[in-house]
2 protein chains.
Amino acid sequence: MPELRRDPIIGRWVIISTERGKRPSDFGAEEEPEIGKLCPFCAGNEDKTPSEVLAYGASGREKNKSGWRVRVVPNKFPVLQIEGNIDRKAEGMYDKMNGIGAHEVLIETPNHNQEIPDLPEERFEEVLWAYRDRIIDLRKDVRFEYILIFKNQGMAAGASLQHPHSQLIATPMVPVRVRQEILGSKQYFDYKERCIFCDIIVQELASNTRVVAENDHFVAFEPYAARFPFETWIIPKTHDSHFEDLQKHEALSLSRILKKILHKIRIVLDNPPYNYVIHNSPLKEAPMPHYHWHMEIIPKLHKIAGFEWGTGFYINPTPPEEAAQFLKEAD
Amino acid sequence: MPELRRDPIIGRWVIISTERGKRPSDFGAEEEPEIGKLCPFCAGNEDKTPSEVLAYGASGREKNKSGWRVRVVPNKFPVLQIEGNIDRKAEGMYDKMNGIGAHEVLIETPNHNQEIPDLPEERFEEVLWAYRDRIIDLRKDVRFEYILIFKNQGMAAGASLQHPHSQLIATPMVPVRVRQEILGSKQYFDYKERCIFCDIIVQELASNTRVVAENDHFVAFEPYAARFPFETWIIPKTHDSHFEDLQKHEALSLSRILKKILHKIRIVLDNPPYNYVIHNSPLKEAPMPHYHWHMEIIPKLHKIAGFEWGTGFYINPTPPEEAAQFLKEAD
């Protein structure tokens with residue numbers, strides 16, 4: 001059973017793999033690329049994954065057989081375990097709980113080489129519905145406080161399989177970064193009685209120096225204090241704290257703008273590894289007037305040094321205004 | 001002039017290089033290793049660096065000539081600029097200030113291949129004195145609020161030159177991670193009237209499952225909620241909030257234990273890239289009963305995925321207890 005441990009000083013929870021821990025000899029060698037190996041996410045190899053929890057496919061399709069367009073399966077090597085009790089307790093002055101949670105893989109397409117920009121809009125829209133449907137299903141489990149949806153694209157960004165996929169981790173606590181965002185936006189709301197994210201959208205659209213793309217329902221822009229070169233956020237124009245409240249007509253808009261941004265990033269930065277993550281409200285929060293869900297996309301372009309790790313203080317060599325210009329012009 | 005910009009939501013400051021910004025074509029290619037190139041940090045090449053601000057050497061040695069043991073020079077490509085006013089102001093709802101600060105390189109030895117574990121104890125002790133002397137000198141500049149001292153060892157950890165060196169950055173604000181630590185330790189102090197770091201030391205020495213080494217004045221241990229495999233902290237046993245208060249007899253102890261830990265890490269993990277950073281009090285704080293300076297050492301063993309970047313929520317595949325055992329046994 002993995003363990004969740006809380007840093008006593010700043011309250012940050014960490015997942016510790018207490019079983020099959022990595023020994024010194026397990027580090028160092030690069031993981032092998034998978035060329036020539038059987039891909040468990042490809043159509044026809046459905047028996048190589050744990051049994052699916054969700055799939056969209058042709059009507060009459062049999063479970064765990066081909067014929068799907070999007071397929072969600074439990075991760076074969078989950079970082080948290082679905083069965084058991086949370087059992088939060090002290091260890092002297094420290095806090096821990098059992099590593100309870102869900103860890104799922106959302107396979108975005110049956111085709112091994114079909115990246116998001118290559119998918120038709122309506123097909124990627126289905127991936128977004130799969131994100132939503134899994135949140136709706138998993139939030140019934142009262143043990144979970146938060147669901148993280150993210151994508152690691154490319155080995156350098158942490159992906160271990162090349163086949164296009166996203167991941168989902170349900171956790172029994174709220175991650176520290178999300179807590180900080182909610183706290184910060186609450187302080188702003190208490191003072192201004194406005195949502196800080198809504199205010200940012202207004203200012204970004206007015207100044208138009210960092211906006212990369214815009215459609216009826218979403219804006220994509222480079223944040224003013226971007227930590228990383230070409231860091232890009234996508235945010236709904238209308239206030240909403242919960243991603244899973246996505247309306248039908250908004251989903252296609254989101255699919256369009258995300259595909260567009262990833263296409264632009266691929267062209268401008270020569271197909272870089274990247275990560276994206278959805279910052280969403282905690283599961284047990286009612287709609288909040290101060291928090292506003294959004295996506296953060298981070299191309300992995302340079303090494304992060306000790307300075308950044310040790311301090312949370314970043315050096316960004318590319319001004320977001322210049323990054324926005326490059327992305328805006330790319331087609 | 002670089003810019004310091006504040007994230008409006010969580011208050012994190014970022015350095016943005018507004019001039020000579022990196023363009024898309026500047027990313028991608030790995031920096032070339034420097035083999036065969038002239039090393040500006042080697043003895044005899046003193047004219048290849050900006051003029052030194054501090055050096056310990058033979059008496060009668062001429063400035064910017066060989067004969068030094070430790071030498072501190074301004075960084076040739078500083079991320080912050082020493083001249084100018086801070087000029088903090090608004091940009092609409094955002095905050096920024098001029099990128100004022102100091103960025104120095106502390107060359108730990110005149111010998112290109114003499115890593116810290118290879119240096120005699122008294123020689124590395126001089127590097128620690130150089131850290132201290134630069135803090136004492138720079139804190140006279142009222143524009144600065146914080147001084148970061150850190151080391152990037154190995155290209156994968158962000159070092160651009162191989163010659164053993166540390167770095168120092170003086171900033172006009174306190175980095176967010178340090179602010180969080182001070183805030184968290186203050187909350188603990190308000191409740192318990194004890195320093196949380198002092199309590200951690202007591203518990204770690206009593207349980208003895210995560211302690212790697214100990215001497216008269218310092219303990220080195222794997223933190224309970226370590227973010228990274230083999231993350232190691234070194235902390236003074238006696239409460240002190242300010243690194244620069246280091247006593248003469250403590251400096252040799254610190255040199256010994258740091259050399260020992262870096263030696264163990266080199267053996268156990270096959271000479272990995274690593275970072276260390278000193279977490280110290282802000283310059284304008286008087287001695288604090290709740291904060292306790294320490295060093296954090298992080299070997300760079302695996303890739304950090306989007307999950308970690310996007311959430312501040314880490315997955316550590318090696319339990320700190322096992323890491324401590326490996327390091328303890330290595331000699």
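In this predicted model, chain B and chain A meet in a contact to which chain B contributes 76 residues and chain A contributes 76 residues. On the side of chain B that touches chain A, helix H2 (residues 176-192) of chain B gives the most, with seven residues. Sorted by class, that side of chain B comprises 42 nonpolar, 20 polar and 14 charged residues.

Strand pairing also links the two chains. One residue pair can be picked out here: Asn316(A) has Ile16(B), in S2(B), as its bridge partner.

For helix H1 (residues 121-138) and helix H4 (residues 248-268), both of chain B, the axes come within 8 Å and cross at roughly 110°. Because this angle falls in the range of 65 to 115 degrees, H1(B) counts as roughly perpendicular to H4(B). The crossing of H1(B) past H4(B) is right-handed.

From H1(B), the residues that make this contact are Glu121(B), Phe124(B), Glu125(B), Leu128(B) and Trp129(B). H4(B) answers with Ala251(B), Leu252(B), Leu254(B), Ser255(B), Arg256(B) and Lys259(B). Taken by class, the residues in the contact of H1(B) with H4(B) are six nonpolar, one polar and four charged.

Note on methods: Residues numbered from 1 in each chain as written. Chains lettered and ligands numbered in written order. Predicted model: local features only at pLDDT ≥ 70, side-chain atom pairs only at ≥ 80, totals over all residues. Contact = placed C-beta atoms within 7 Å. Helix = DSSP H or I, 4+ residues; strand = E, 2+ residues; numbered from the N terminus. Nonpolar A, V, L, I, M, F, W, Y, C, P; charged D, E, K, R; others polar. Pairing = 2+ DSSP bridges. Axes fitted to C-alpha atoms, helices over the stretch in contact; angles between N-to-C directions. Parallel < 35°, antiparallel > 145°, perpendicular 65-115°, else oblique. Left-handed = near helix turned anticlockwise from the far one by under 90°.
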